[in-house]
Amino acid sequence: MSDAERRTLREIEHRLSADAPDLAGVLASGRPRRMTCAHVLAAVFAALGVLLMVLSALGPSLASFGCASLALLMRGYTWR
């Protein structure tokens with residue numbers, strides 16, 4: 001890596017740590033974040049959706065899957 005690239009990388013790291021210190025800390029530690037409330041809600045709604053689908057309640061199971069998707073989307077995840 002050239003000196004110019006190293007300086008550019010240091011500048012990017014400095015800006016990131018100034019703009020988003022929480023994100024910079026997570027990236028520097030290399031550890032994934034803990035499970036959040038949105039993940040727990042999504043898991044509960046998904047499990048409920050599977051149970052309702054097994055019980056042949058198609059409408060409520062689709063609503064439950066929709067709530068699980070909404071919980072993840074509200075957290076900031078996208079489908080891509």
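I began by looking for salt bridges and found that the structure holds one. I note here that the model is predicted.

**Entry: the salt bridge.** The partners are Arg-15 and Glu-11, with their closest N and O atoms 3.0 Å apart. I looked up where they sit: both lie in helix α1, residues 3–19. They are four residues apart, about one turn of the helix. I then checked their accessibility. Arg-15 counts as exposed because its relative accessibility is 54%, where exposed means over 50%. Glu-11 has a relative accessible area of 37%, so I wrote it down as partly exposed.

**Entry: a nonpolar patch.** Which residues make the nonpolar surface patch? I listed Leu-16, Leu-23 and Leu-27, which give a patch of about 260 Å². I followed up Leu-27, which is found in helix α2, residues 21–29. Leu-27 has 55% relative accessibility and therefore counts as exposed.

**Entry: the annotated stretch.** I read the UniProt record, an unreviewed entry, and its annotation "transmembrane region" covers residues 37–55. In the model, I found the chain over residues 37–55 to be 95% helix and 0% strand.

**Entry: Ser-56.** I placed Ser-56 in the loop between α3 (37–54) and α4. Its phi is near 65 degrees, a positive value in a residue other than glycine. I noted this because most residues other than glycine have a negative phi. Is Ser-56 buried or exposed? I found 65% relative accessibility for Ser-56, so it counts as exposed.

Entry: I looked up Ser-61 next, and it lies in helix α4, residues 58–75. Ser-61 has a relative accessible area of 0%, so I recorded it as buried. Leaving aside neighbours within four places in sequence, I found Ser-61 in contact with Gly-49, Leu-52 and Met-53.

Ser-64 is also placed in helix α4. Its relative accessible area is 4%, and Ser-64 is therefore buried, the limit being under 20%. With neighbours within four places in sequence again left out, Ser-64 is in contact with Phe-45, Leu-48 and Gly-49. What does the side chain of Ser-64 reach at 3.3 Å? I found the backbone nitrogen of Gly-49 at that distance.

Technical notes
Residues are numbered from 1 along each chain as its sequence is written. This is a predicted model: local features need pLDDT of at least 70, side-chain atom pairs count only at pLDDT 80 or more; totals for chains, interfaces and linings use all residues. Side-chain values use heavy atoms; hydrogens and water are left out. UniProt positions are given in the numbering used here, feature names are shortened, and annotations may be inferred rather than shown by experiment. Helices (H or I, at least four residues) and strands (E, at least two) are DSSP runs, numbered from the N terminus. Patches are made of residues with over 30% relative accessible area and no salt bridge: like charges are joined within 9 Å, nonpolar side chains (Val, Leu, Ile, Met, Phe, Trp, Tyr) within 5 Å. Accessible areas come from the Shrake-Rupley method with a 1.4 Å probe; for residues, only the protein chains shown count as cover. A salt bridge is a side-chain nitrogen of Lys or Arg within 4 Å of a carboxyl oxygen of Asp or Glu. Buried means under 20% relative accessible area, exposed over 50%, partly exposed in between (1.4 Å probe, protein chains only). Contact means heavy atoms within 4.5 Å. A polar contact is a pair of N or O atoms within 3.5 Å; within protein, one must be able to donate a hydrogen and the other to accept it, and residues adjacent in sequence count only if both atoms are side-chain atoms.
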